[in-house]
Amino acid sequence: MTRRHHRIWTVLAFLAGVTGLSYGVWSYAYGQALEQVRARGEADLALAADRLVTGLLRYRAAAVLLADHPVLEALHDEGVSGGAAARRAMVFLQRSADRTGAALAFYADAEGRVLAATQGDVPRDFARADWFRRALDGALGAGARVARDESQRLFVHAAPSFGADGRVQGVLVMVVDLEGIEGEWRGSRPSVFFTDSAGDILVTNRSELLFWQLAPEAVIRPDGGVAEVTRRFVGGYEIWRQALSPYVPERGLHLVQPLPVVGLTGEALVDVGPARRLAALQVAVVAILCLGFGAVLFLLAERRRVLTEANTALEVRVRARTLELEEANTALRHEVRERQEAEAALRRAQADLVQAGKLSALGQMSAGISHELNQPLMAIRQFAENGGAFLDKGQPERAAENLSRIAALAGRAARIIRNLRAFARNESEPMGRVDLCAVIDEAVELTETRLEAEGVEVAWDRPGGALYAIGGEVRLGQVFVNLINNAADAMAGQAVKRIAIRVEAGERLVVRVRDTGPGIADPEKVFEPFYSTKEVGGGMGLGLSISYGLVQSFGGNIRGRNIAGGGAEFEVELDRWQAEAAA
């Protein structure tokens, strides 16, 4: 086989595959589209059926309510004049028919004699009708009446009237003209019609279909003519193809809904043209894509040799470029390693700087701390001597009281030393959950002696419960110690010395530290290293810079500003601790 013949057979096989795929896409797409058409058609049919049933049942309700009316019962009373009772009953039925819209209403006794009726012709054979016999049995009767010669379509409701002995003494019949009910939705979509047990179309929104009769393979017209109907099933859906009317789709999805309440069957023909067009569009898209893909494959096969040569040349260039990239990558790794070493050195320097800040703060607090520890030690000595004296005098109760005081003072001294050790140690633990209020408590307690000595009032507005933030307990404590010490330094020489601390709990936790000092000279530079407004020897200007770095390492933020009326306020913003953050 020559190369040309091989290409021809390949093209034919490809076209056959595209044809088979297109048929499969058509079947699937048409079935999916028919499902949508069915859902929409069933909803429209259910709506039309509800309209019809609701319209008919309201007459049944009226018949049930009026059947035992005293005016009608009087027709069976022998003591009442028959003519007068019949006239009153006729007037009553006429008013009732006018109010309900019934075409005819009449009342008959158990033998089928009409005792009272509205204007209109009472059916002559009603006594033999199934709906009348059902009412005589004590049940509600209903049925349709068709008069083709007069083009009348009537629906009858019969309600029994029970005498004092519990037997049926009469039947109230209300006749409804179906034309008045269907007039509201005539001409709407889709084509809907309702048939009786004989297949006669009694109600429809296509008036040209009235009085037609459905047969298994055709539709019989009122004049005896036959309209051919072709039924076939596509994916479980019944499709009718017919030429019943210009207003009925040539191809329609046939839907059926029984209405046992009124003894009718609702049917609909929903146009499947949009579904066919949608399926055809999808088939066209698939066919075009396949043919385009086949054409591309054909062109690619023809150009394969050229591409192979180009690929060989490209591989040479790629190998050269790869070598260049490997060299650049090696240089980049060296640079990354140098930067990591620089960052590690920076972190070590920062840690040393933080520790230096702690020692500086401890130096400032050393005199007050010595005084704070000396007081409980002297008191312990005094209470110990007193306890011994009380024991010598035989007063053990007084001695026990002094021992209790000694224990309390020892606990106080231990707490002071514990806070100092925690503050002075170099924290190496990773960030985690920190009780923000407890950290501020410790910072206030560490600076309490100095603040009392300098006459500084601390207003710590502590929240009721615990508030947990993300950070390091020791490092965060140093931040608040630095802020309190800086506030005390700033208020030196001020008449009013007051530090206010409060916490705002929102999406993030915000701690505000406010003083009554002269304010910040340059808020833009307050966090820069070695920036200080103190006199020479008053500090290195590293406290706020260290605090800024610590808060930033926790993922938070710290800001300083002057407030109206004098003073400065520092705001520390931290992320809340959440359980999922720990996971």
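Colleague: How many bridges join strand 6 to strand 7?

Modeller: Strands of a sheet pair through backbone hydrogen bonds, either parallel or antiparallel. Here 3 bridges join strand 6 to strand 7, and the two run antiparallel. Two strands count as paired if DSSP finds at least two bridges between them. Strands (E, at least two residues) and helices (H or I, at least four) are DSSP runs numbered from the N terminus. A word on the source: this is a predicted model, in which local features need pLDDT of at least 70 and side-chain atom pairs count only at pLDDT 80 or more, while totals for chains, interfaces and linings use all residues. Residues are numbered from 1 along each chain as its sequence is written, and side-chain values use heavy atoms, with hydrogens and water left out.

Colleague: Which residue stands opposite Phe194 in strand 7?

Modeller: That is Val203. Phe194 also has a bridge partner in strand 13, namely Gly266. Strand 6 pairs with strand 13 (residues 264-271) over 5 bridges, in the antiparallel sense. Between strand 6 and strand 7 lie 5 residues, which makes the pair a hairpin. In its turn, Gly199 has a positive phi of about 90 degrees.

Colleague: Is strand 6 buried or exposed, and how should I read its side chains?

Modeller: Buried means under 20% relative accessible area, exposed means over 50%, and partly exposed lies in between (1.4 Å probe, protein chains only). In strand 6 (residues 191-195), 5 of the 5 residues are buried, so the strand is largely enclosed by the rest of the structure. Ser191, Phe193 and Thr195 point one way, while Val192 and Phe194 point the other way.

Colleague: In what order do the 8 strands of the open sheet come?

Modeller: The order is 7-6-13-12-11-10-9-8, with antiparallel pairing. Strand 7 (201-204) and strand 8 (213-214) are at the edges with a single partner strand each, so one side of each has no neighbour in the sheet. Further along, strand 11 (residues 237-242) and strand 12 (residues 251-259) run antiparallel and are joined by 3 bridges. Trp240 has Gly252 in strand 12 as its bridge partner.

Colleague: Where are the edges of the sheet that holds strand 15 and strand 19?

Modeller: That sheet is open too, with 5 strands in the order 15-17-18-20-19 and mixed pairing. Strand 15 (457-461) and strand 19 (557-562) are its edges; each has a single partner strand, so one side of each is left without a neighbour in the sheet. From one strand to the next, the twist averages 15 degrees (axes are lines fitted to C-alpha atoms, for helices over the stretch in contact, and angles run from 0 to 180 degrees between N-to-C directions). Strand 19 is joined to strand 20 (residues 568-575) by 6 bridges, and these two run antiparallel. Gly560 stands opposite Phe570 in strand 20.

Colleague: Which residues touch the most other members of the largest nonpolar core?

Modeller: A nonpolar core is a set of buried Ala, Val, Leu, Ile, Met, Phe, Trp, Tyr and Cys residues joined through side-chain atoms within 4.5 Å. In the largest one, of 50 residues, they are Leu34, Leu56, Leu72, Phe194 and Leu253. Helix 1 (residues 3-67) gives the most to this core, with 16 residues. Leaving aside neighbours within four places in sequence, Leu56 is in contact (heavy atoms within 4.5 Å) with Phe155, His157, Val176, Leu178, Ile181 and Val262. A second, separate core has 41 residues, including Leu476, Leu544, Val551 and Phe570.

Colleague: How many salt bridges does the structure hold?

Modeller: Side chains of opposite charge can pair when their charged atoms come close. The structure holds 21 salt bridges, each a side-chain nitrogen of Lys or Arg within 4 Å of a carboxyl oxygen of Asp or Glu. One of them links Arg38 and Glu42 (2.6 Å, N to O). An α-helix has 3.6 residues a turn, so residues three or four places apart point the same way. Arg38 and Glu42 are 4 residues apart in helix 1, which means that about one helical turn separates them. Arg38 is partly exposed, at 21% relative accessible area, and Glu42 is partly exposed at 37%.

Colleague: What about Arg502 and Glu504?

Modeller: Their side chains meet in a salt bridge of 2.6 Å, N to O. Salt bridges that share partners join both into one network with Arg508, Arg512, Arg514, Arg559, Arg561, Glu569, Glu571, Glu573 and Asp575.
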